[in-house]
Structures are given as structure tokens and as C-alpha cells.
Amino acid sequence: MPFLTTRTRIATATAGVLLAVGAPGAYATLADEAPAASPSAAARGKAYVETRLFFGTERPDGGPDVTDKQFMGFIDREVTRSFPSGLTIQEGRGQYRDANGVIERERSYELILLYPTSEAKKRDPQIERIRTAYERAFGQESVARLEDRASVDF
């Protein structure tokens with residue numbers, strides 16, 4: 001039985017070393033490369049960042065909801081100049097827990113921005129300005145931001 005105990009210890013130590021050495025490399029690879037659906041898609045696509053912003057339309061102070069016209073005016077003033085090559089806007093319904101713990105449901109917009117990973121540092125402050133401008137202009141608690149790496153082919 002002592003043989004099994006020593007053998008088990010060696011196997012456990014070996015597995016721990018392999019995980020400690022291999023895991024950082026695996027995570028670095030995931031962080032640096034865009035996911036690809038297939039080898040042929042990877043050959044076609046370029047590494048991009050996909051940023052999604054989620055804008056609510058109800059005002060916490062009880063004022064009138066943000067209208068389509070107001071939202072599109074905001075896009076024209078605050079977003080298009082930073083992302084003139086293109087963007088996508090989708091309408092939706094959102095749900096979140098507000099600062100008072102109440103579940104709120106509201107009409108919302110999702111803004112999708114795509115840009116090369118090489119522009120990520122430049123784009124970050126532009127995106128943060130958009131979020132802040134919307135929060136101030138329409139009295140919002142927050143604008144949610146979601147980012148992911150993507151392989152993009154136009």
C-alpha cells in the first residue's frame with residue numbers, strides 16, 4: 001500500500017505542475033486570438049473586438065421615456081463621429097435590478113460596434129464617453145458594456 005500512496009503523490013504533483021505550466025499559456029492564447037467557427041473561417045476573418053452597449057429608455061426620475069427620435073439624435077451626435085465606418089442598432093426589451101433593488105423592465109437599444117483589435121486602446125475612451133454622455137443626457141443609472149473577441153470578414 002505505501003507504493004500506491006507514493007505513486008498517487010507523484011501523479012498528483014505531476015498533474016499540478018502540468019496545470020500550473022499549461023494553464024497560463026492556454027489563457028494567454030484565448031485572450032490574444034479571435035475565436036473561429038472553423039479553420040476556413042479563421043483564414044477569412046481578421047481579429048476584431050465586438051463591443052455591445054445596452055441603453056435603457058425609462059428615466060429613473062419618472063420623466064418621459066427616451067423616444068426613437070431622441071435616441072437616433074444621440075447616435076448622430078455622440079457615436080457616428082467616433083465610428084463613421086459603421087455600427088448596428090437593435091431594439092429590444094431589457095430587465096435589470098435598479099439601485100433600489102427593484103426589477104425594472106423597459107424598452108431598450110443595443111448598439112454593436114466592431115473594430116480591429118489593434119484599435120482597442122484608442123476606442124476604449126471613445127466608448128466610455130458614449131456611455132457617460134447617454135447617462136447624463138437621459139438621467140440613466142448606467143449603460144451596460146459587453147465585449148468579446150471576434151473573427152470578422154467584410
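Which residues lie nearest the centre of the second largest pocket?

Colleagues, the structure before you is a predicted model, in which local features need pLDDT of at least 70, side-chain atom pairs count only at pLDDT 80 or more, and totals for chains, interfaces and linings use all residues. Residues are numbered from 1 along each chain as its sequence is written, and side-chain values use heavy atoms, with hydrogens and water left out.

Let me begin with the overall layout. The chain has 4 helices and 4 strands, where helices (H or I, at least four residues) and strands (E, at least two) are DSSP runs numbered from the N terminus. Read from the N terminus on, the order of these elements is α-α-β-α-β-β-α-β. Of the 154 residues in the chain, 26% are buried; buried means under 20% relative accessible area, exposed over 50%, and partly exposed in between, with a 1.4 Å probe and protein chains only.

I turn to the pockets. Rolling a probe the size of a water molecule over the atoms shows where empty space is left. Here a pocket is an open set of points on a 1 Å grid over the protein atoms alone, where a 1.4 Å probe fits, with protein on both sides within 12 Å along at least five of seven lines; lining residues have an atom within 4 Å of a point. A volume is the space filled by probe spheres set on the points, which are joined across faces, edges and corners.

The answer to my opening question is S85, G86, L114, Y115 and F154, and the lining of this second largest pocket counts 15 residues. The pocket holds about 260 Å³ of space. Strand β3 supplies the largest share of its lining, 5 residues. By class, that lining has 10 nonpolar, 3 polar and 2 charged residues, with Ala, Val, Leu, Ile, Met, Phe, Trp, Tyr, Cys and Pro counted as nonpolar, Asp, Glu, Lys and Arg as charged, and the others, Gly among them, as polar.

The largest pocket holds about 340 Å³. Its lining is made up of 17 residues, and those nearest its centre are F54, F55, G56, Y96 and E106. Two or more lining residues come from each of β1 (46-56), β2 (88-97) and β3 (103-116). Strand β2 gives the most, with 6 residues. This lining divides into 5 nonpolar, 8 polar and 4 charged residues.

Next, the aromatic residues. The whole structure contains 11 aromatic pairs, in which rings of Phe, Tyr and Trp (its six-membered ring) have centres within 6.5 Å; planes under 30 degrees apart count as stacked, over 60 as edge-to-face and the rest as tilted. Why is the pair of F55 and Y134 edge-to-face? The ring centres are 4.7 Å apart and the planes stand at 70 degrees, so the pair falls in that class. It links distant parts of the chain, with F55 in strand β1 and Y134 in helix α4 (residues 120-138), 79 residues apart. Both F55 and Y134 are buried, each at a relative accessible area of 0%.

Y134 also pairs with F74, the centres being 5.1 Å apart and the planes at 75 degrees, so this pair is edge-to-face as well. F74 belongs to helix α3 (residues 68-79), and 60 residues separate F74 from Y134. F74 is buried, at 1%. Ring pairs link F55, F71, F74, Y109, Y134 and F138 into a cluster.

Finally, I would draw attention to T51, in strand β1. T51 is buried, at 0% relative accessible area. Its side chain makes polar contacts with the side chains of Y115, at 2.6 Å, and of E147, at 3.0 Å. A polar contact is a pair of N or O atoms within 3.5 Å; within protein, one must be able to donate a hydrogen and the other to accept it, and residues adjacent in sequence count only if both atoms are side-chain atoms.
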